[in-house]
Amino acid sequence: MQLVKNILDSLHNASQKNKLLGMFKPVLNAIDGFFFGTPHVTSIPHIVDPLDIKRFMSFVIIALIPAVLGAIYAWGLRVIAVIIVSYLFGGLIEVAFAIARKKEVHEGFLVTGLIFPLILPPNVPLWVVAIGVMFGVLFGKEVFGGTGRNIFNPAIAGRIFLTIAFPQIMSVKWPLPFTSGLGGFVHYQNSVDAVTSATPLALFKTQMLLTPYTQLFFGQGTGCIGETFRIGLILGGLFLILLKIVDWRIPFAYLFSVAAFSFLGNQFLHTHFAPPLFQLLSGGLLLGAFFMATDPVTSPFTKQGRWIAGVSLGVLTVLIRGLSGYVEGVMFSILLLNVFGPLIDLLVLKVRYRKKIVTAQK
């Protein structure tokens with residue numbers, strides 16, 4: 001590591017003298033921060049240990065490892081290629097804006113670049129991955145000012161863009177996963193001529209067929225790359241909650257409201273609304289509840305606002321799944337709540353501090 005440090009120091013010194021090399025200072029700082037952390041410290045001792053962006057992103061990536069390994073086992077080594085393409089092309093946009101703005105490269109893309117491939121179909125063409133992640137980073141984050149200022153979750157923005165722009169590629173063919181032996185760890189992907197099947201949500205919507213819960217739980221059904229190994233998602237989500245990386249209120253309220261409203265819907269209109277357990281274990285609900293709805297930038301920051309957001313997400317997801325032309329409602333629900341997140345916080349603060357506001361106005 002000392003060799004790496006020496007090289008970075010020499011490049012930093014050269015960037016101060018060379019204007020062309022100085023343009024890439026944000027990239028050098030990002031590499032330096034990744035390997036050696038920040039050099040900035042305070043002289044005053046602090047009792048509270050704040051959760052900085054770098055540590056937050058690191059723990060989220062660690063929590064996603066079980067889901068990534070499950071995805072590779074189910075869909076093959078091509079998953080690694082999809083992740084690499086996501087990081088390369090999304091990182092290209094991130095670095096370009098950092099250089100143009102002469103600001104640091106934020107670690108936020110480390111999570112976006114990993115979550116985005118997990119919400120794509122297993123057989124998605126790599127060029128589609130590149131277009132989607134660039135669109136998501138550009139129009140979901142950078143046009144608003146970058147990390148911390150974005151209104152939308154970049155991964156979801158990119159995914160919904162692909163759903164609208166390439167509907168056949170994103171929803172027509174769903175390959176079956178590997179389910180025996182070493183699975184995808186010894187295969188690049190399923191054969192192009194492999195048998196394809198509809199997703200569990202699509203099977204229920206079109207034929208009222210319920211996929212066995214054990215298949216859903218252990219990732220033996222069709223679906224997006226990172227949403228099928230649900231036991232891994234649950235373990236990763238609980239890991240983040242126990243370490244207080246994310247607030248438990250949003251995922252708890254989200255999952256509980258999905259169960260409650262799907263139960264009511266199934267009782268009165270069972271042809272449109274699937275049973276609660278099926279709703280919880282199908283689609284991208286667990287991935288969305290634990291890893292995307294809890295995004296600290298785009299989710300409400302007040303405790304009451306998080307309860308409201310979680311319940312709203314659950315209601316919207318169940319309604320979209322049951323009554324719309326789409327089989328899945330997680331992505332659209334989270335995107336809508338991204339828009340209303342600031343308004344929810346504003347209303348909560350106005351109600352909570354109404355007396356103080358009235359007094360101040362007087």
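Select K244, which lies in the loop between α12 (230-242) and α13 (249-268); helices here are DSSP runs of H or I with at least four residues, strands are runs of E with at least two, and both are numbered from the N terminus. The model is a predicted one, in which local features need pLDDT of at least 70 and side-chain atom pairs count only at pLDDT 80 or more, while totals for chains, interfaces and linings use all residues. Residues are numbered from 1 along each chain as its sequence is written, and side-chain values use heavy atoms, with hydrogens and water left out.

Is K244 buried or exposed? K244 is exposed, because its relative accessible area is 70%, where exposed means over 50%, buried under 20% and partly exposed in between (1.4 Å probe, protein chains only). Its phi is near 60°, a positive value in a residue other than glycine. Most residues other than glycine have a negative phi.

M208 is not a glycine, yet it has a positive phi of about 60°. With a relative accessible area of 40%, M208 is partly exposed.

**Second stop: G265 in helix α13**

Select G265, which is found in helix α13. G265 has a relative accessible area of 13% and is therefore buried. Leaving aside neighbours within four places in sequence, G265 is in contact with H270 and F273, contact meaning heavy atoms within 4.5 Å.

Centre the view on T298, in the loop between α15 (285-292) and α16. This residue is buried, since its relative accessible area is 5%. Which side chains make polar contacts with the side chain of T298? One is that of D295, at 2.9 Å, and another is that of N338, at 3.4 Å. A polar contact is a pair of N or O atoms within 3.5 Å; within protein, one must be able to donate a hydrogen and the other to accept it, and residues adjacent in sequence count only if both atoms are side-chain atoms.

Now display the residues that T298 touches, not counting those up to four places away in sequence: N150, I151, F152, N153 and N338. Of these, select N153, which is found in the loop between α7 (126-140) and α8. N153 counts as buried because its relative accessibility is 7%. With residues up to four places away in sequence again set aside, N153 touches M292, D295, T298 and N338.

Select R159, S171, W174, V327 and E328, which lie nearest the centre of the second largest pocket among its 27 lining residues. The elements giving two or more residues to this lining are α8 (154-165), α9, α10 and α17 (330-352). The pocket has a volume of about 530 Å³. On a 1 Å grid over the protein atoms alone, a pocket is an open set of points with protein on both sides within 12 Å along at least five of seven lines, whereas a cavity is a set where a 1.4 Å probe fits but cannot get out; lining residues have an atom within 4 Å of a point. Grid points are joined across faces, edges and corners, and a volume is the space filled by probe spheres set on the points.

Stay with S171, which is placed in helix α9 (residues 167-171). Its relative accessible area is 45%, so S171 is partly exposed. S171 and A202 are 31 residues apart in sequence, and the distance between them is 9.8 Å, C-alpha to C-alpha.

**Last stop: the second largest cavity**

Select L201, F204, K205, H272, A274, F278, Q279, R321, G322 and V327, which line the second largest cavity. About 70 Å³ of space lies inside this cavity. At least two lining residues come from each of α10 (200-207), α14 (276-281) and α16 (303-323), with α10 supplying the largest share, 3 residues.

Finally, zoom out to the chain as a whole, which has 18 helices and 0 strands. Buried residues make up 45% of its 362 residues.
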